[in-house]
Structure formats: C-alpha cells, structure tokens
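Work through the exercises below with the model open beside you. Each task is followed by a solution in steps.

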Amino acid sequence: MSRSIFTPVQIKSMVCPNRILRSATWEALSDKDGFMSKKQFDIYCELAENNIGLICTGYARISRDEYPNAGMMGIYDDCFIPQYKELTDKVHTFGSSVMMQIAYGGTKTTYETDNRVIFAPSDVPEKSTGLVGITMTVLDIKDMIEKYASAAERVKKSGFDAVEIHGGHSYLLNQFLSPYYNNRADEYGGNLENRYRIVDEIIKAIRQRVGEEYPILIKVTCSDFFENGLTFNESLSICRMLVQSGIDAIEVSGNIHGKAQKMAGQEFDGHKILKGGYFYEYAKEIADAISIPVYVTGGFSDPALMEKYMGESAIAGFGMSRPFLCEPNLVSRWMAGDLSASKCLHCSRCRTPKGNYCTVFRKPVV
Ligand SMILES: Cc1cc2nc3c(=O)[nH]c(=O)nc-3n(C[C@H](O)[C@H](O)[C@H](O)COP(=O)(O)O)c2cc1C
Ligand code: SF4
C-alpha cells in the first residue's frame with residue numbers, strides 16, 4: 001500500500017488508523033488538583049468520534065506541586081487512573097488511539113510562581129518569563145526520573161495506547177538539553193551527551209515500568225531558535241541518541257510555534273520555516289536520518305500538502321493542534337471527500353480564562 005495520511009501506522013503495540021495526530025493541547029479545563037472536567041471528557045469524545053488516528057492529551061503534570069499553567073491534567077497519583085480509564089475506554093469505542101503527554105514544566109511559567117517549588121537545570125532566567133528556578137541536585141534529578149517513570153506506568157494502567165514525554169517548548173527537559181539553560185558542571189551538564197543524560201535515564205526508567213512493547217514517544221524541538229541555544233545539528237544528534245535509548249517515535253516541533261506563522265520564509269539553522277508546515281524541512285532531515293517513525297507538528301492544515309510531504313520524505317505523520325480547536329471534525333470532513341484545508345487562521349486567539357477554545361469560529365464549551 002502506498003503511504004498516505006489516511007493509511008494506518010503501527011508503533012509497537014499501538015495501531016493508529018491514520019497518520020493524523022492531534023498534538024497535545026492543554027485545555028485549561030481540569031480542576032486545581034488535575035482531575036478532568038466533563039467538558040474536557042466531551043472534547044476527547046468529539047475528537048475520537050471524528051476519526052483522528054492518534055489523539056494526544058494536553059500535558060499532564062507528573063508532580064503535585066508543579067504546573068506551568070492552570071487547569072492542567074494530573075498524573076502524579078494513582079487516584080487519577082479510574083477517570084482516565086473511563087476516558088480511554090470511551091475513545092477506543094470510536095477506533096482512535098490515544099496517548100497521554102507527561103510533563104514537568106519549570107521556569108517557563110508566570111503561574112503562581114511565589115507559592116511553588118520550580119526546578120531548573122541551572123540558575124539561568126527563562127527568556128520569556130525571567131524566572132530563575134531552583135538548581136536541581138543530583139538527588140532532585142533522580143527523584144524527577146522516578147516521577148516520570150511512575151507517571152508513565154499510570155498512563156499505561158489508565159488504558160492509554162502510548163505515553164509521550166514532553167521534551168520541547170523550553171520546559172524542563174528542553175532546558176537540560178539546551179546549552180543556554182544548562183551550565184551544570186556535573187554529569188548532567190556540559191557536552192551534549194551529558195545534557196542528554198536525564199532524558200536517556202527517563203526513557204530507560206519508563207521502559208522498565210511499561211515493558212518492551214509499550215510505545216514511548218517524545219516531543220522535541222528542532223532548534224531553540226535563538227543564538228547560543230540548542231541548534232538543529234544538536235537536535236538531530238539528540239534524535240539519533242533517542243533511538244539508542246529506546247524511544248519508539250519522535251514528534252518534531254519548534255519552540256517558536258506561536259509566532260512561526262509570521263516568521264514563514266525566514267531561514268534559521270540551515271532550514272527554512274515554511275508557511276504550510278513550519279518545521280517540515282527540519283523534520284524531513286531527521287526522518288531521513290533515523291529508523292523510527294517521525295511526526296511533525298506546527299502550521300499544517302492542507303491535506304494535499306501533507307500528502308506531498310509524505311511522498312517526498314520518510315515522515316510518518318502530521319500533528320495538528322489549533323486546526324482541531326477550530327474544526328474537531330476535520331479528519332471526518334476530509335474522509336468524506338471535502339479535502340479543503342482547515343479554516344484555522346493560526347492566529348493563536350484560542351486561550352481564554354474559560355478554557356482554550358477557538359474564539360474565532362467556535363463558541364465556548366458549555
Ligand atoms: C491552546 C494550546 C494548548 C497547547 N498545549 C500544549 C501541550 O499541552 N503540550 C504541547 O506539547 N504542546 C501544546 N501546544 C502546542 C501544540 O501541540 C502545537 O505544537 C502547536 O500549536 C503548533 O501546532 P498547530 O500549528 O497545529 O497549532 C498547545 C497549543 C495550543 C494552541
Ligand atoms: S483562535 Fe485562531 S488559531 Fe485558534 S483555533 Fe481559532 S482560528 Fe485557529
């Protein structure tokens with residue numbers, strides 16, 4: 001069968017009916033502890049009813065104390081499992097696969113920063129918030145690895161088909177990887193191998209808990225997109241290292257996704273940011289270089305363009321976030337024969353105090 005975005009893809013034990021990924025989208029609708037609201041439950045059911053191959057949850061916090069944004073889901077305790085089991089059972093009745101993204105945020109936050117312990121690899125102010133975190137000791141790092149592993153085990157027990165580690169968007173793991181944020185002098189800082197060490201140890205700790213066949217994915221940035229940050233060449237090396245660590249698939253994103261639309265046409269780190277798929281050129285080089293499935297996320301909306309990109313690269317699938325806030329039925333619409341691009345303007349006016357929804361084309365979820 002020739003590859004198309006509408007053909008299935010298998011990643012270890014997970015079979016996705018097509019190659020469209022609803023990339024992680026924090027809804028800001030969970031309660032203070034991280035329990036899902038009914039509205040949130042319904043959002044996932046609507047996505048699953050509409051033929052998305054793989055649905056990724058919004059980022060779920062692996063620690064009780066740490067949440068970079070209000071209304072995140074929680075996965076730091078076993079008490080969350082029954083609610084998620086109900087969700088995954090429901091999603092599976094529609095045939096979609098569903099994975100949970102797990103995250104420790106860190107200093108890229110302005111949310112309740114006075115009351116919380118917020119860790120960082122080093123005492124470097126985060127570029128957008130100016131926040132300086134508590135530099136982690138090796139014991140703190142070991143504890144963080146354990147938190148990731150326990151969270152992933154809960155993800156599996158909850159019936160999710162896969163777990164995705166959030167390794168991008170300037171959150172903690174991205175900061176460890178980045179030479180700008182990580183100036184540690186111990187075995188977790190310095191050269192790329194050392195900066196990568198925490199990610200390697202997290203993947204191996206998760207693997208021990210979930211077994212060989214359970215898919216572990218990671219979302220990474222293809223570049224920090226600023227001088228002295230993580231470069232594309234380093235990201236490419238990281239992707240090769242991820243394969244060695246036993247990761248099963250990689251989602252390539254970029255830390256400029258909110259403003260990338262306006263940067264289309266610009267070159268950075270040897271590749272061009274493209275309007276119809278910001279990080280395609282970067283992800284193509286990664287997908288061509290490694291042997292595991294690579295998804296790419298950011299700016300996609302036109303199925304014809306995705307098919308073209310699939311034909312000329314080894315990319316396994318395409319992630320979208322905002323287009324599904326705008327049109328949850330997008331894949332169903334395409335499958336029914338209306339192959340026009342998503343109407344999403346990529347204007348990023350989809351964050352509100354009442355939850356994150358498309359303020360241009362949709363009404364708030366009631
Ligand atoms: C409201 C909103 C919430 C998001 N939440 C997350 C998240 O929880 N985890 C994550 O990795 N990315 C998150 N993203 C980023 C998206 O997954 C995606 O990488 C980005 O929006 C670019 O894709 P798009 O152009 O298809 O929207 C979020 C984006 C939006 C608009
Ligand atoms: S607010 Fe703008 S970016 Fe967000 S979903 Fe609607 S059209 Fe797309």
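This is a predicted model: local features need pLDDT of at least 70, side-chain atom pairs count only at pLDDT 80 or more; totals for chains, interfaces and linings use all residues.

**Exercise 1. Find which residues of helix 6 are buried and which are exposed, and say how the buried ones are arranged.**

Step 1. Locate the helix. Helix 6 runs over residues 232-245, which makes 14 residues. From first C-alpha to last it reaches 20 Å, close to the 20 Å expected at 1.5 Å a residue.

Step 2. List the buried positions. These are Phe-232, Ser-235, Ile-238, Cys-239 and Leu-242. Viewed down the axis of helix 6, the buried residues fall within an arc of 105°, so they line one face of the helix.

Step 3. Identify the cover. The elements over the buried residues of helix 6 include helix 4 (172-177), helix 5 (192-210), strand 10 (216-221) and strand 11 (249-253). Strand 13 (271-272) and helix 8 (280-289) are also among them.

Step 4. Look just past the end of helix 6. Gly-246 has a positive phi there, of about 105°.

**Exercise 2. Repeat the analysis for helix 2 (residues 81-93).**

Step 1. Helix 2 has 13 residues and spans 18 Å between its first and last C-alpha, close to the 18 Å expected at 1.5 Å a residue.

Step 2. Its buried residues include Tyr-84, Leu-87, Thr-88 and Val-91. These cover an arc of only 95° around the axis, which puts them on the same side of helix 2.

Step 3. Pro-82, Asp-89 and Thr-93 are exposed on the other side of helix 2.

Step 4. Helix 1 (38-49), strand 4 and strand 6 (97-103) are among the elements that cover the buried residues of helix 2.

Step 5. Gly-95 follows helix 2, with a positive phi near 95°.

**Exercise 3. Decide whether strand 9 is enclosed or open, and trace its pairing partners.**

Step 1. Count the buried residues. In strand 9 (residues 162-167), six of the six residues are buried, so the strand is largely enclosed by the rest of the structure.

Step 2. Sort the residues by side. In a regular strand the side chains alternate between the two faces of the sheet. Ala-162, Glu-164 and His-166 are on one side of strand 9, and Val-163, Ile-165 and Gly-167 are on the other. Both faces are covered.

Step 3. Find the partners. Strand 6 pairs with strand 9 in the parallel sense over four bridges, and Gln-101 stands opposite Glu-164 in strand 9. Strand 10 pairs with strand 9, also in the parallel sense, over five bridges. Here Val-163 has Ile-216 of strand 10 as its bridge partner.

Step 4. Continue to strand 11. Strand 10 and strand 11 pair in the parallel sense over five bridges, and the bridge partner of Thr-221 is Ser-253 in strand 11.

Step 5. Check the cover of strand 11. Five of its five residues are buried: Ala-249, Glu-251 and Ser-253 on one side, with Ile-250 and Val-252 on the other.

**Exercise 4. Describe the shells around ligand 1 and ligand 2.**

Step 1. Ligand 1 is surrounded by 24 residues, and the closest are Ser-23, Ala-24, Tyr-59, Ser-321 and Arg-322. This shell divides into seven nonpolar, 14 polar and three charged residues. Strand 4 (54-61) and helix 10 (322-326) each supply at least two of its residues.

Step 2. Ligand 2 is surrounded by 14 residues, the closest being Cys-326, Cys-344, Cys-347, Cys-350 and Cys-358. Its shell divides into nine nonpolar, three polar and two charged residues.

Definitions and conventions. Residues are numbered from 1 along each chain as its sequence is written. Chains are lettered from A and ligands numbered from 1 in the order in which they are written. A residue is near a molecule or strand if its C-beta atom, placed from the backbone, lies within 6 Å of it. Ala, Val, Leu, Ile, Met, Phe, Trp, Tyr, Cys and Pro count as nonpolar, Asp, Glu, Lys and Arg as charged, and the others, Gly among them, as polar. The expected span of a helix is 1.5 Å times one less than its number of residues. A residue is buried if 20 or more other C-beta atoms lie within 10 Å of its own, exposed if 12 or fewer, and partly exposed in between; C-beta atoms are placed from the backbone. The arc is that of the directions from the helix axis to the C-beta atoms. Two residues are in contact if their C-beta atoms, placed from the backbone, lie within 7 Å. Two strands pair if DSSP finds at least two bridges between them.
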